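This briefing sets out selected features of the structure shown below.

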Amino acid sequence: MVPVTGRLPARPALVLLTGLLLAGALLALRTGPMPLSVAEVWQGLFDRQAEASVQLVVRELRLPRLLLAMLVGAALGVSGALLQGLFRNPLADPGLIGISSGAALGAVAVIVLGERVFAHWDMTVPGMTLPLTAFVCALLTTAVIWRIGSRQGETHVAMLLLAGIAINAIAMAGVGVMTFIADDGQLRTLTFWTMGSLAQADWRDLRLVSPWIVLVLLAMPLLARALNAVLLGESVALHLGHDVDRLKRRIVVMCALAVGAAVSVSGLIGFVGLVAPHLVRLTLGVDHRTLLPASALLGAVLLVLADTGARLIVAPAEFPIGLMMALLGGPFFLALLMRRLPE
Amino acid sequence: MTLQGITPLLSVRGMSLVRHGKRLLHDLSLQVRAGERVMLLGPNGAGKSSLLRVLSGEWPTESGAVHLGGVPLTSLSWGELARRRAVMPQQVTLSFPMLAEEVVAQGLPGRDAGDGQHPAVAAQMAWCDVLHLAGRLYTSLSGGEQQRVQLARVLVQLNAMSGERLLLLDEATSALDPAQQYRLVAKLAMLAQDTETALIMACHDLSLAAAYGSRILLLQDGQCVADGTPEAVLTEDNLARVYGLDAYLDTHGPLAQVRVRGAYPLEDSRDSAQSAHTVTVG
């Protein structure tokens with residue numbers, strides 16, 4: 001009864017990941033243009049008598065950015081795991097069913113057409129036009145793809161994927177049109193947004209996205225057992241007593257909320273949704289009761305580390321975190337796949 | 001035989017099934033009691049799998065009524081259905097690396113689902129002779145081993161039920177070697193008698209069906225051609241008409257067996273049975 005595959009036990013692995021996340025968080029709070037010791041970070045966080053500059057750097061700059069990196073990473077990691085389970089396809093990714101590209105189109109439209117079209121909106125919610133529009137567009141695209149993929153109350157997963165690919169292409173063409181008509185200044189903002197960045201992170205962003213992502217993270221364990229059954233096929237999941245159509249609806253809504261929220265504040269950050277669940281499956285196995293929380297934790301760890309790296313390598317400038325993820329994560333992931341291939 | 005339910009566990013009346021514009025089942029009626037072992041026979045495309053999908057609640061029917069335990073099938077939720085019937089489909093494909101014991105543990109109800117260390121998992125894996133494969137990856141197993149692992153999963157689900165229950169098997173032993181096949185079907189037949197289980201099993205092995213079925217349902221083109229004991233259904237006439245086989249039921253040995261003398265050429269069987277059916281060539 002001892003598993004012959006090289007899997008680690010689940011509980012210690014989750015504890016280890018949590019430890020990694022805490023260590024990464026401490027590293028992120030310490031590093032930057034003004035390096036801080038552990039004691040200074042502690043004072044900055046909890047001591048009201050601490051030096052004002054330390055308090056400002058820790059509480060207003062680094063802490064919101066760290067929390068946002070954690071939430072965005074967790075949202076992307078968990079969405080990847082949920083969609084891969086639902087589609088029974090290890091290549092599924094939040095970008096695949098149009099969630100990210102819908103958000104991108106919304107954000108880019110605000111950047112380019114901002115002053116003309118969205119001016120009155122910006123008055124009511126100052127500074128929030130871009131993330132709100134991106135969020136709403138992510139939900140709208142998902143809804144459209146969902147409508148196309150469903151017939152008479154049944155949802156066809158293959159249809160959902162195909163519709164997602166088509167809508168992706170349309171949305172990216174829209175982004176192309178916006179890029180074409182953008183002026184130089186807009187082009188720069190737009191490019192940075194599509195490469196992903198947490199540089200603008202503040203408490204307001206955090207207040208906007210955290211409720212949705214936290215909601216999804218709290219609801220995620222409820223789906224684990226049904227997702228495990230779906231791994232044996234939709235029919236088998238039905239035979240085992242799981243309402244598969246309800247599960248599909250829940251997963252798509254949850255991913256639209258989490259990824260829409262994440263993309264709206266951080267721009268396009270690929271790869272986390274693909275690589276985090278993969279790494280977890282290779283080391284811990286496919287049981288979603290472990291896979292979902294572990295993917296969330298690992299996604300958060302990856303993003304915190306990548307963001308810290310992005311702030312360091314070209315300091316005082318910042319490297320786009322989306323590029324960072326792809327440049328470092330891509331080759332690492334490939335190497336991992338090649339090593340497993342002979343089996 | 002032994003004590004069996006007075007009211008049928010499963011009752012189908014005048015049921016028809018149309019999917020994607022194609023009539024798959026036509027005006028089927030059927031009553032099955034707990035303890036019965038019904039073997040579903042018929043050529044490829046006769047509607048065996050379609051009937052099992054309807055009985056499992058997976059496909060809604062066009063017309064007619066299907067009752068399970070006196071309750072209309074359509075009024076039961078997926079969760080309630082899973083506590084009254086277990087199903088083994090023809091094929092289960094996995095795209096992720098799951099351990100055999102994890103697959104079997106999916107059959108456990110409620111909060112236990114997926115717990116590979118649960119005693120019921122080991123018990124049913126031993127029953128199906130796959131306990132030694134528990135820690136292996138499902139995808140690395142042979143076809144016959146995979147089938148036995150799936151059967152163990154189905155039996156885990158079945159054994160967690162109380163009262164009368166329905167077990168639907170769609171060619172559950174098609175990939176097994178003959179020894180495993182006869183051993184497992186014999187055990188399943190005993191299980192059905194001992195545990196208030198109605199067993200409905202689609203298969204292509206006529207001898208296996210004759211040996212262990214208490215009743216045979218012969219399907220052709222979505223219709224029930226014959227329904228009764230193996231002796232009554234597996235007549236030379238029926239075998240010739242439905243399968244185009246020159247065969248007979250031999251009941252002399254300890255197990256009833258269908259002996260095949262040969263296959264009729266297509267025109268011999270078809271043209272004599274259905275005079276309206278003509279084939280033009282060229």
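Pro72(B) counts as exposed, because 11 C-beta neighbours lie inside 10 Å and a residue with 12 or fewer is classed in that way. The model is a predicted one, and the values below are computed from it.

**Pro72(B) and its surroundings**

- Pro72(B) belongs to strand β5 of chain B, which comprises residues 71–72.
- Leaving out residues up to four places away in sequence, Pro72(B) touches Ala65(B) and His67(B).
- Pro72(B) and Val12(B) are 60 residues apart along the chain, and their C-alpha atoms are separated by 9.8 Å.

**Residues with positive phi**

- Asp27(B) is not a glycine, yet its phi is positive, at about 50°.
- Asp27(B) is placed in strand β2 of chain B, residues 22–32, and is partly exposed, with 13 other C-beta atoms within 10 Å.
- Arg88(A), which is likewise not a glycine, has a positive phi of about 50°.
- The position of Arg88(A) is in the loop between α3 and α4 (99–117) of chain A.
- Arg88(A) has 18 other C-beta atoms within 10 Å and is therefore partly exposed, since that class lies between the limits of 12 or fewer for exposed and 20 or more for buried.
- Glu196(B), which follows α6(B), also has a positive phi, near 55°.

**Gly73(A) and helix α3 of chain A**

- Gly73(A) is located in helix α3 of chain A.
- With 32 other C-beta atoms within 10 Å, Gly73(A) is buried, because the class requires 20 or more.
- Apart from neighbours within four places in sequence, the contacts of Gly73(A) are Val272(A), Gly299(A), Ala300(A), Leu302(A), Leu303(A) and Val304(A).
- Gly73(A) and Gln186(A) are 113 residues apart along the chain, with a C-alpha separation of 27 Å.

**Packing of α1 against α3 in chain A**

- Two packed helices are described by the angle between their axes and the distance between the axes.
- Helix α1 (residues 10–30) of chain A packs on helix α3 (residues 52–87) of chain A at an angle of about 145°, and the axes are 9 Å apart.
- The crossing of α1(A) and α3(A) is right-handed.
- On the α1(A) side the contact is made by Ala25(A), Ala28(A) and Leu29(A), and on the α3(A) side by Val58(A), Arg62(A), Leu63(A) and Leu66(A).
- The residues in this contact of α1(A) with α3(A) comprise six nonpolar, no polar and one charged.

- His278(A) lies in helix α13 of chain A, residues 272–284.
- His278(A) is buried, with 20 other C-beta atoms within 10 Å.
- In sequence His278(A) and Leu291(A) are 13 residues apart, and in space their C-alpha atoms are 9.4 Å apart.
- Helix α14 (residues 288–312) of chain A has 25 residues and should span 36 Å at 1.5 Å a residue, which agrees with the 35 Å between its end C-alpha atoms.
- α14(A) is mostly covered, as 22 of its 25 residues are buried.

**Helix α6 of chain B**

- Helix α6 of chain B, residues 178–194, has 17 residues and reaches 24 Å from its first C-alpha to its last, close to the 24 Å expected at 1.5 Å a residue.
- Val185(B), Leu188(B) and Ala192(B) are the buried residues of α6(B).
- An α-helix has 3.6 residues a turn, so residues three or four places apart point the same way.
- Ala179(B), Met190(B) and Asp194(B) are exposed on the other side of α6(B).
- The buried residues of α6(B) pack against β3 (37–41), β7 (165–170), β8 (197–202) and α7 (206–212) of chain B.

**Contact between chains A and B**

- Chain A contributes 26 residues to the contact and chain B contributes 27 residues.
- On the side of chain A that touches chain B, α10 (224–230) and α11 (234–239) of chain A each supply at least two residues.
- α11(A) provides the largest share of that side of chain A, with four residues.
- By class, the residues of chain A on the side touching chain B are 12 nonpolar, eight polar and six charged.

Definitions and conventions:
Residues numbered from 1 in each chain as written. Chains lettered and ligands numbered in written order. Predicted model: local features only at pLDDT ≥ 70, side-chain atom pairs only at ≥ 80, totals over all residues. Axes fitted to C-alpha atoms, helices over the stretch in contact; angles between N-to-C directions. Left-handed = near helix turned anticlockwise from the far one by under 90°. Contact = placed C-beta atoms within 7 Å. Nonpolar A, V, L, I, M, F, W, Y, C, P; charged D, E, K, R; others polar. Expected span 1.5 Å × (residues − 1).
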